[in-house]
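Biologist: Could you take me through one part of this protein closely, starting with charge on the surface and then working outward to what lies around it? I am new to reading structures, so please go step by step.

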Amino acid sequence: YRLTINFSKGKAEALVIFAGKGSDKARKQLLVEENGLIQCEALGRPFTLRATNIYKHVGTTTTIAESLQDEISARLNNMRAAGAKLHHTFFKAEGVPPESKLGKIKGVLLSSGLYNAGTWPTLQANELVRVHKAVMREYLQCDRQDNATLRRSSYNTMLERYKLLAPAVLI
């Protein structure tokens, strides 16, 4: 594609996760002895890749921590706040079909709540459940007449009725 990659500090960095036998020794060697610099070569050109323990891009913070709880909390709070504005105005309006409400909430989910979630590593089961419940709560607000029934039955009913993507697919 003839892209020119910028390998300056903060531009092209690597999150290196050390695991298994010898991981402590490898971490010390890379981060202390080699100052986090990895010498590489691609297409016959040498370059230096910097190892870092945190990377922030367009509002998403990616870390080498084992948990994304802080990132997930921030994203879900943003989504909840944006959704609340819609719930108090647009969603309470008479005569607005659920499909229109769902179109709005999908925009909120994808822009404020789950934007760039595709860059997250595989979520732990408890993290995925938390995201799933938050997204489904927003979906359910769009169809209040069936809200109680849907809670008692299954989230699949809502997903199937309106041809929605399951939260796990969104991320």
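Modeller: Happy to! Let's start with a positive surface patch, which is made up of Arg80, Arg130, Lys133 and Arg137. Please keep in mind that this is a predicted model.

Where do the members of the patch come from? Helix 4, covering residues 125-141, gives the largest share, three residues. Arginine 80, in contrast, sits in helix 2. Arginine 80 has a relative accessible area of 37%, so it is partly exposed. That value also clears a cut-off: patch residues need over 30% relative accessible area and no salt bridge.

Side chains of opposite charge can pair when their charged atoms come close. How many salt bridges does a search of the whole structure find? The search gives two.

One of them brings us back to helix 2, the element that holds arginine 80. Here arginine 75 forms a salt bridge with glutamate 71, and their closest N and O atoms are 3.1 Å apart. Both residues belong to helix 2, which spans residues 69-88, and they are four residues apart, about one turn of the helix.

Arginine 27 has a relative accessible area of 31%, so it counts as partly exposed. Aspartate 24 reaches 57% relative accessibility and is therefore exposed.

If you follow the chain on from helix 1, you come to the loop between helix 1 and strand 2, where asparagine 35 lies. Its backbone is worth a look. Most residues other than glycine have a negative phi. Asparagine 35 is not a glycine, yet its phi is positive, about 55°. Asparagine 35 is also exposed, because its relative accessibility is 59%.

Next come the strands. Strand 2 (residues 37-42) and strand 3 run antiparallel and are joined by six bridges. Within this pairing, glutamate 41 stands opposite proline 46 in strand 3. The two strands form a hairpin with two residues between them, and leucine 43 in the turn has a positive phi of about 55°. Strand 3, residues 45-52, also pairs with strand 1, residues 13-15, this time in the parallel sense over three bridges. There, glutamate 13 stands opposite arginine 50 of strand 3.

One more residue with a positive phi is lysine 163, at about 55°, although it is not a glycine. Lysine 163 lies in the loop between helix 6 (155-161) and helix 7 (167-170). With a relative accessible area of 74%, lysine 163 is exposed.

Finally, let's step back to the whole protein. It has seven helices and five strands. From the N terminus on, the order of the elements is β-α-β-β-β-β-α-α-α-α-α-α. Of the 171 residues in the protein, 33% are buried.

Note on methods: Residues are numbered from 1 along each chain as its sequence is written. This is a predicted model: local features need pLDDT of at least 70, side-chain atom pairs count only at pLDDT 80 or more; totals for chains, interfaces and linings use all residues. Side-chain values use heavy atoms; hydrogens and water are left out. A salt bridge is a side-chain nitrogen of Lys or Arg within 4 Å of a carboxyl oxygen of Asp or Glu. Buried means under 20% relative accessible area, exposed over 50%, partly exposed in between (1.4 Å probe, protein chains only). Patches are made of residues with over 30% relative accessible area and no salt bridge: like charges are joined within 9 Å, nonpolar side chains (Val, Leu, Ile, Met, Phe, Trp, Tyr) within 5 Å. Accessible areas come from the Shrake-Rupley method with a 1.4 Å probe; for residues, only the protein chains shown count as cover. Lys and Arg count as positive and Asp and Glu as negative; His and the chain ends are not counted. The place of a charge is taken as NZ of Lys, CZ of Arg, CG of Asp or CD of Glu. Two strands pair if DSSP finds at least two bridges between them.
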